[in-house]
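Open the model in your viewer and keep the selection panel at hand. Each stop below says what to select and what is there.

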Amino acid sequence: MNQKLATLLKELEEFGKTNDATVTDRTRKMLNITRDTGEFLLLIARAIEARRILEIGTSNGYSTLWLAYAVQQLSGTVTTVERSQFKADMARANFERVSMTPWIQQHLGDATDFLKQQADNSFGLIFLDSDRQEYTGWWSDLQRILTLGGLMIVDNAVSHESEMKRFVDIVQLTPGYLTSLVPVGNGEFLVLKQPVGR
Ligand SMILES: C[S@@+](CC[C@H](N)C(=O)[O-])C[C@H]1O[C@@H](n2cnc3c(N)ncnc32)[C@H](O)[C@@H]1O
């Protein structure tokens with residue numbers, strides 16, 4: 001990792017902590033993933049050689065930078081969706097600062113509409129870090145746009161276990177998927193869309 005990116009990631013970690021501890025308006029909190037979750041996303045994305053990644057919930061782009069760094073060497077792309085103009089603008093400035101824009105496609109808008117518009121089998125890795133109340137409603141489109149053999153990672157599976165329970169139950173009752181709860185950061189729920197015949 002180059003020094004510019006390493007420095008920005010550290011800066012964003014400090015900014016996120018200070019900002020979220022002082023700001024009272026939730027829409028102005030960054031709510032970034034933890035650093036070890038970033039390292040985990042990087043490792044997984046590299047291990048599965050993900051080239052087409054979708055992230056729901058950009059915020060100011062902290063997690064996006066980890067994912068973009070992961071796909072850079074394979075000339076992949078991260079598509080990231082955020083409905084807050086304020087946060088999308090912060091993210092864009094961060095991506096530009098470390099020259100990561102060639103690997104990132106930002107989409108400003110609501111994820112519900114965005115997901116409906118995506119073609120089948122579009123993404124090999126999906127990272128969900130957004131409004132947890134929406135996940136069950138998104139499940140049908142998420143299944144459709146995830147490639148066979150693709151992986152979905154959902155943040156906050158431990159920190160917000162009760163809010164995630166209905167979604168986790170529905171996923172685990174859906175045939176064709178393997179799941180695992182990984183105790184990294186705020187708890188990552190991994191969902192593998194099994195290749196046919198497994
Ligand atoms: C937990 S934060 C994302 C943090 C980011 N992944 C990171 O680690 O840096 C969740 C973000 O999802 C956005 N969001 C929530 N519901 C959304 C929706 N339905 N469509 C698009 N963005 C949404 C919020 O505005 C917020 O910025």
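Select Ile-153 and look across to E7: its bridge partner there is Leu-190. Strand E5 (residues 146-154) and strand E7 (residues 188-193) run antiparallel and are joined by 4 bridges. Strands pair if DSSP finds at least two bridges between them. Strands (E, at least two residues) and helices (H or I, at least four) are DSSP runs, numbered from the N terminus.

Two notes before moving on. Residues are numbered from 1 along each chain as its sequence is written. This is a predicted model: local features need pLDDT of at least 70, side-chain atom pairs count only at pLDDT 80 or more, and totals for chains, interfaces and linings use all residues.

**The hairpin**

Select E6 with E7. They pair in the antiparallel sense over 6 bridges. Pick Thr-179; its bridge partner in E7 is Val-191. Then go to the turn. The hairpin has 5 residues between the strands, and Gly-185 takes a positive phi near 55°.

In what order do the 7 strands lie in the open sheet? The order is E3-E2-E1-E4-E5-E7-E6, with mixed pairing. Strand E3 (104-108) and strand E6 (177-182) are the edges, each pairing on one side only. From one strand to the next, the twist averages 15°.

Zoom in on strand E1 (residues 52-56) and strand E2 (residues 77-82). These run parallel, joined by 5 bridges. Ile-56 stands opposite Val-81 in E2. Angles run from 0 to 180 degrees between N-to-C directions, and axes are lines fitted to C-alpha atoms, for helices over the stretch in contact. Residues are in contact if their C-beta atoms, placed from the backbone, lie within 7 Å.

**H3 and its helix neighbours**

Two packed helices are described by the angle between their axes and the distance between the axes. The cut-offs are under 35 degrees for roughly parallel, over 145 for roughly antiparallel, 65 to 115 for roughly perpendicular, and oblique for the rest. The H2 and H3 crossing is right-handed; that is, the near helix is turned clockwise from the far one by less than a right angle, while anticlockwise is left-handed.

For the contact, select Gly-38, Leu-41, Leu-42, Ala-45 and Arg-46 of H2, then Ser-63, Trp-66, Leu-67, Tyr-69, Ala-70 and Val-71 of H3. These divide into 8 nonpolar, 2 polar and 1 charged. Here Ala, Val, Leu, Ile, Met, Phe, Trp, Tyr, Cys and Pro count as nonpolar, Asp, Glu, Lys and Arg as charged, and the others, Gly among them, as polar.

H1 and H3 pack at about 155°, with axes 10 Å apart. They are therefore roughly antiparallel. The crossing is left-handed. Leu-5, Leu-9, Leu-12 and Gly-16 in H1 meet Tyr-62, Leu-65 and Tyr-69 in H3. This contact has 6 nonpolar residues, 1 polar and no charged.

**The ligand shell**

Select the ligand. Which residues are closest to the ligand? They are Gly-57, Ser-59, Tyr-62, Ser-63 and Asp-131, among 19 that surround it. A residue is near a molecule if its C-beta atom, placed from the backbone, lies within 6 Å of it. H3, E2 and helix H5 (111-117) each give two or more residues to the shell. By class, the shell holds 5 nonpolar, 7 polar and 7 charged residues.

**Last stop: H6 and H7**

Select helix H6 (residues 135-145) and helix H7 (residues 161-173). Their axes come within 9 Å and cross at roughly 30°, so H6 and H7 are roughly parallel. The crossing is right-handed. Tyr-135, Thr-136 and Trp-139 in H6 meet Arg-166, Phe-167, Ile-170 and Val-171 in H7. The residues of this contact are 5 nonpolar, 1 polar and 1 charged.

Methods
Two residues are in contact if their C-beta atoms, placed from the backbone, lie within 7 Å.
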